[in-house]
Amino acid sequence: MGSVQWTLLLLMVVSICNVHVHASDPPLTLDYYKKTCPTVLELVRKEMECAVLSDPRNAALILRLHFHDCFVQGCDGSVLLDDTIDLQGEKEAPNNKNALKGFRIIDKIKNLLESECPGIVSCADILTVAARDAVLLVGGPYWDVPLGRKDSKTAGYELSSTLPTAADGLLSIISKFMEQGLSVTDMVALSGAHTIGMARCVNFRDRIYGDYALTSEVNPISEAYLQNLRSSCPPAGGEDNRESAMDYVTPELFDNSYFQILLRGQGLINSDQELYSSILGIETKRLVQNYAENPPAFFEQFSESMVKMGNITNPETYVDGEVRRNCRFVNT
């Protein structure tokens, strides 16, 4: 075994040893609100239907919010907190700034639930259910969502640095997922969420002016697509927030075409294409091929991995957590 393979194996072993710190079994149940707010799932679904009907891109916004919440302090609604004199939230952290939207959708759902079931449903649970409904409403799979999370009274501005970035190499991506108790299989399946995601120019500039031409198929269609990307994202400065779909084939449909794009070497951001093209990605390459060829396998694993990610809890919230009346601020 070569030195690179030993490094990867060691990284996996070290990460696995720390899994229980982040992903212990949470006290969540499917019927948590059965008596206290029996209409919660129906109300969240109706609001998400309106949001996605008005703009299908809202599905990706809510899914990304949920991901960024769970990777920092666990799924505790901390990403929803605004800055105050006494609290520095996560919204302005470098890995979140200009990347997160959809907060008003969660605000609207929260206001509705406060009218129906005041002080009962946490913002963390709302976001988790809304993310499931977002996926379902654009053609993705359904999964049951365990509930009973509490909202954090703190945020993790500094901890936001642990979020995966577009520039990460494969070892870094694997490490960041394993630190959350998520496996390589979870990582590849959850990356499939990019089938409905958008990326900003600042996050794919290096890719399209770097090794994109080397990994992608040489044909007129691929070359035209690359030129289109470059025309919207100049090589130096300006237009940082111009967006392009990470799945240019079916950007508003949750399907497996994202993985098929990776097979063609056309992944928009580096961290995506690394799953298939990295010389270290023996396992990830196999998974990408499987999900590209077998949509049911992708849907099944994505559902399982979303439950696993959603079960990453913040233990402190079960001692000092709350149900916020307003998702943007801690109760006073």
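# Reading a predicted model, feature by feature

Author: N98 sits in the loop between α4 and α5. Start there. Keep in mind that this is a predicted model.

Reader: What is the phi of N98, and how do I read it?

Author: The general idea comes first. Most residues other than glycine have a negative phi. Now the case. N98 is not a glycine, yet its phi is positive, near 70°.

Reader: Where is D86, and is it buried or exposed?

Author: D86 is in the loop between α4 (57–70) and α5 (103–116). D86 is exposed, with a relative accessible area of 79%.

Reader: How far apart are the C-alpha atoms of D86 and T154?

Author: They are 9.9 Å apart. Along the chain, D86 and T154 are separated by 68 residues.

Reader: Now salt bridges. How many are there in the whole structure?

Author: A search finds 19. To read one, look for a side-chain nitrogen of Lys or Arg within 4 Å of a carboxyl oxygen of Asp or Glu.

Reader: Which parts of the chain does the pair R45 and D133 link?

Author: Distant ones. R45 belongs to helix α3 (residues 40–54) and D133 to helix α6 (residues 123–137). The two residues are 88 residues apart.

Reader: What is the N to O distance between D240 and R205?

Author: It is 2.9 Å, and the side chains of D240 and R205 meet in a salt bridge. This pair also links distant parts of the chain. D240 is in the loop between α11 (220–232) and β2 (243–245), while R205 is in helix α9 (residues 201–208). They lie 35 residues apart.

Reader: Where do R286 and E283 lie?

Author: Both are in helix α14 (residues 282–293). They are 3 residues apart, about one turn of the helix. R286 and E283 form a salt bridge, with the closest N and O atoms 2.6 Å apart. R286 is partly exposed at 43% relative accessibility. E283 is partly exposed at 36%.

Reader: Which residues do salt bridges with shared partners join into one network?

Author: D82, K91, D107 and R328.

Reader: Next, helix packing. At what angle do α3 and α5 pack?

Author: Read two values together, the angle and the distance between axes. For α3 and α5, the angle is about 145° and the axes are 10 Å apart. The crossing is right-handed.

Reader: Which residues make the contact between α3 and α5?

Author: From α3, V40, L43, V44, E47, M48 and A51. From α5, I105, K108, I109, L112, L113 and E116. By class, the contact has 9 nonpolar, 3 charged and no polar residues.

Reader: Which residue does the UniProt annotation "binding site" cover?

Author: P164, according to an unreviewed entry. Read the label with care, because such annotations may be inferred rather than shown by experiment. Then look at the place itself. P164 is in the loop between α6 and α7 (170–178). P164 is partly exposed, with a relative accessible area of 23%.

Reader: What does P164 touch?

Author: F67, F71, K176 and F177, leaving aside residues up to four places away in sequence.

Reader: Where does UniProt place the domain feature?

Author: The unreviewed entry gives "domain: Plant heme peroxidase family profile" at residues 27–331. Over residues 27–331, the chain is 48% helix and 2% strand. The end C-alpha atoms are 23 Å apart.

Methods:
Residues are numbered from 1 along each chain as its sequence is written. This is a predicted model: local features need pLDDT of at least 70, side-chain atom pairs count only at pLDDT 80 or more; totals for chains, interfaces and linings use all residues. Side-chain values use heavy atoms; hydrogens and water are left out. Helices (H or I, at least four residues) and strands (E, at least two) are DSSP runs, numbered from the N terminus. Buried means under 20% relative accessible area, exposed over 50%, partly exposed in between (1.4 Å probe, protein chains only). Contact means heavy atoms within 4.5 Å. Axes are lines fitted to C-alpha atoms, for helices over the stretch in contact, and angles run from 0 to 180 degrees between N-to-C directions. A crossing is left-handed if the near helix is turned anticlockwise from the far one by less than a right angle, and right-handed if clockwise. Ala, Val, Leu, Ile, Met, Phe, Trp, Tyr, Cys and Pro count as nonpolar, Asp, Glu, Lys and Arg as charged, and the others, Gly among them, as polar.
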